Amino acid sequence: MARYYDVHPDNPQPRILRQVVDLVRDGGLIAYPTDSCFAFGCRLGNRDGLDRIREIRHLDERHHFTLVCRHFAQLGQFVHVSNSVFRLVKASTPGSYTFILPATKEVPRRMLHPRKRTVGVRVPDHTVAQALLAELGEPLVSSTLVLPGEDEPLTQGWEIKERLDHLLDAVVDAGDCGKEPTTVVDLSQDEPEILRRGAGDPSRFE
């Protein structure tokens, strides 16, 4: 059964944050809120966590997992940011965007797109997500919490707990965080390509 943590949306309780992060460090898979709906999250290098997300969402090897980072400076450790896209990404973080960029050697191969060697990165503008990342001290490997055959992500923590109780280790609930996923922009080529229009304004990349 998944543990259920009711977290204050503006002042998340440090004791609860520590418990959630301890669980993540021990190989756990969590559902947590972001600025654009709930997401699955596990620790970087957690092979079992990746496999569990793939199984729950029915994902193939071409799916781009996302490294959710605490701040812009952390991105440089995991992706190559060219001069041409540096300002674009910096101006859009934190925010409801996921950027597809060439990965560095710090990213496990199992996370990469098999042909492009790219990975998703984002910096959320959400108090609880930021608090979790600060406590963890490293990115969370994430994927939008949308289930196979459904068009919209789950938006209520209690429903996530109810439906995925036997598949998750914890649900972090800070209230409704919306149902619109991030805007996904591929910046790995010469020109930006919008792969998904979502919560982030895509006009700056058009």
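**Close-up views of a predicted model**

**Figure 1. The lining of the largest cavity has six nonpolar residues, no polar residues and no charged residues.** The structure shown here, as in the other views, is a predicted model. One cavity of 30 Å³ or more turns up when the whole structure is searched. The space inside the largest cavity comes to about 30 Å³.

**Figure 2. Helix α5 is largely enclosed by the rest of the structure, since seven of its ten residues are buried.** The buried residues of α5 are Val 128, Ala 129, Gln 130, Ala 131, Leu 132, Leu 133 and Leu 136. An α-helix has 3.6 residues a turn, so residues three or four places apart point the same way. The partners against which the buried residues of α5 pack are α1, β2, β4, β7 and β8 (170-173). After α5 comes Gly 137, with a positive phi near 80°.

**Figure 3. The largest pocket has a volume of about 380 Å³.** It is lined by 23 residues, and those closest to the pocket centre are His 64, Thr 66, Thr 144, Val 184 and Arg 196. Strands β2 (30-34), β3 (37-43), β4 (66-68), β5 (97-102), β6 (118-122), β7 (140-144) and β10 (193-196) each give two or more residues to the lining. Sorted by class, the lining holds eleven polar, nine nonpolar and three charged residues.

**Figure 4. The second largest pocket has a volume of about 150 Å³.** Its lining consists of His 80, Ser 82, Ser 84, Val 85, Leu 88, Leu 101, Pro 102, Leu 187, Gln 189, Asp 190, Glu 191 and Pro 192. Helix α4 (83-91) and strand β5 are the elements that supply two or more of these residues. The largest share, three residues, belongs to α4. Six residues of this lining are nonpolar, four are polar and two are charged.

**Figure 5. Thr 183 is buried, and its relative accessible area is 0%.** The residue belongs to strand β9, which covers residues 183-186. A polar atom of the Thr 183 side chain lies 2.8 Å from the backbone nitrogen of Gly 198. Beyond the neighbours within four places in sequence, Thr 183 is in contact with Ser 96, Tyr 97 and Thr 98, and with Ile 194, Arg 196, Arg 197, Gly 198, Ala 199, Gly 200 and Pro 202. One of these contacts, Arg 196, is also among the residues closest to the centre of the largest pocket.

**Figure 6. Cys 42 and Cys 69 lie too far apart for a bond.** Which cysteine sulfur is closest to the sulfur of Cys 42? It is the sulfur of Cys 69, at 14 Å. For Cys 69, in turn, the closest cysteine sulfur is in Cys 42. A disulfide needs the two sulfur atoms within 2.5 Å, and the count of disulfides is therefore zero. Cys 42 is buried, with 0% relative accessibility. Cys 69 is also buried, at 0% relative accessibility.

Technical notes. Residues numbered from 1 in each chain as written. Predicted model: local features only at pLDDT ≥ 70, side-chain atom pairs only at ≥ 80, totals over all residues. Heavy atoms only, no water. 1 Å grid on protein atoms, 1.4 Å probe; cavity = no way out; pocket = protein on both sides within 12 Å on 5 of 7 lines; lining within 4 Å. Points joined across faces, edges and corners; volume = space filled by probe spheres on them. Nonpolar A, V, L, I, M, F, W, Y, C, P; charged D, E, K, R; others polar. Buried < 20%, exposed > 50% of the residue type's maximum accessible area, 1.4 Å probe, protein only. Helix = DSSP H or I, 4+ residues; strand = E, 2+ residues; numbered from the N terminus. Polar contact = N/O pair within 3.5 Å; in protein donor to acceptor, adjacent residues only side chain to side chain. Contact = heavy atoms within 4.5 Å.
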